Amino acid sequence: MEDTNTDLRVIRTKESIRHALVELINEKGFEAITVKDITTRAKINRGTFYTHYQDKFDLMMKYEEEIFLEISKVLKKNFSSIIAAFGTNSLTETHMPLVVSIFEYLNENSEFMKAMLSPKGDLSFQERLKDIIWKTLFGSNSDALFKEENLLVPEHYLASYAVSAHIGVIQQWLNNGRKESAQDMARILWTITANGPLFAAGLKK
């Protein structure tokens, strides 16, 4: 029982630290934050903080790694359903499980994602996020969704366009207060991605 209570205390402490980090990023920006700021906001002493993290950069790195690991798992899930959906005009949830899952995950972690993708966040986060999406979708490994031999344009241009556009849509959704559901956002993003922006704008049949 004591070990269980200890584990729960550690979980609650880390949650308090991370919640404080997100609040402070929104208020001051990551570069201006100090460990003292974090411990004061989280209502813990510095010793407790240093039990778990070396400094604010270590805290950020470990938090980001957890986020990236989960995003990678979501991206690699149900690829077969996504590929099958490219050949159909029926935009139902059963054809878009991956996209829906991504927005559900983003919704669950919206405060952190919004803070990190803002100008006040860790400037390297967005680049690392682009990199993990690129490797998952366009990488040279056997698990990549898109194969180089099938591409009609150089992969680095396609990857840059696709990843930047998707992150832009996500930022807009987060900054707009997540008014649309995960399913609605999946349909919006799918319409643009599968048919192209000209079709989405009503300029192309």
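Among contacts in the protein between residues at least 6 apart in sequence, 60% join residues at least 24 apart, where contact means heavy atoms within 4.5 Å. The model is a predicted one, in which local features need pLDDT of at least 70 and side-chain atom pairs count only at pLDDT 80 or more, while totals for chains, interfaces and linings use all residues. Residues are numbered from 1 along each chain as its sequence is written, and side-chain values use heavy atoms, with hydrogens and water left out.

The protein has eleven helices and zero strands, and from the N terminus on its elements run α-α-α-α-α-α-α-α-α-α-α. Helices (H or I, at least four residues) and strands (E, at least two) are DSSP runs, numbered from the N terminus. Of the 205 residues in the protein, buried residues make up 37%; here buried means under 20% relative accessible area, exposed means over 50%, and partly exposed lies in between, with a 1.4 Å probe and protein chains only.

Two packed helices are described by the angle between their axes and the distance between the axes. Axes are lines fitted to C-alpha atoms, for helices over the stretch in contact, and angles run from 0 to 180 degrees between N-to-C directions. Helix 4 (residues 56-75) and helix 6 (residues 97-108) pack at an angle of about 160 degrees, with their axes 9 Å apart. That makes helix 4 roughly antiparallel to helix 6, since angles under 35 degrees count as roughly parallel, over 145 as roughly antiparallel, 65 to 115 as roughly perpendicular and the rest as oblique. In this pair, Glu 66, Ile 67, Glu 70, Ile 71, Val 74 and Leu 75 of helix 4 meet Leu 98, Ser 101, Ile 102 and Tyr 105 of helix 6. The residues of this contact divide into seven nonpolar, one polar and two charged, where Ala, Val, Leu, Ile, Met, Phe, Trp, Tyr, Cys and Pro count as nonpolar, Asp, Glu, Lys and Arg as charged, and the others, Gly among them, as polar.

In the loop between helix 9 and helix 10 is Arg 178, whose phi is near 55 degrees, a positive value in a residue other than glycine. Arg 178 is partly exposed, with a relative accessible area of 29%.

Another loop, between helix 2 (35-42) and helix 3 (46-52), holds Lys 43. Phi of Lys 43 is near 60 degrees, again a positive value in a residue other than glycine, and Lys 43 counts as exposed at 76% relative accessibility.

Thr 13, in helix 1 (residues 2-28), is buried, with a relative accessible area of 17%. Not counting residues up to four places away in sequence, Thr 13 touches Thr 48 and His 52. Ile 133, in helix 8 (residues 123-138), counts as buried at 15% relative accessibility. Ile 133 and Phe 68 are 65 residues apart in sequence, and their C-alpha atoms are 9.4 Å apart in space.
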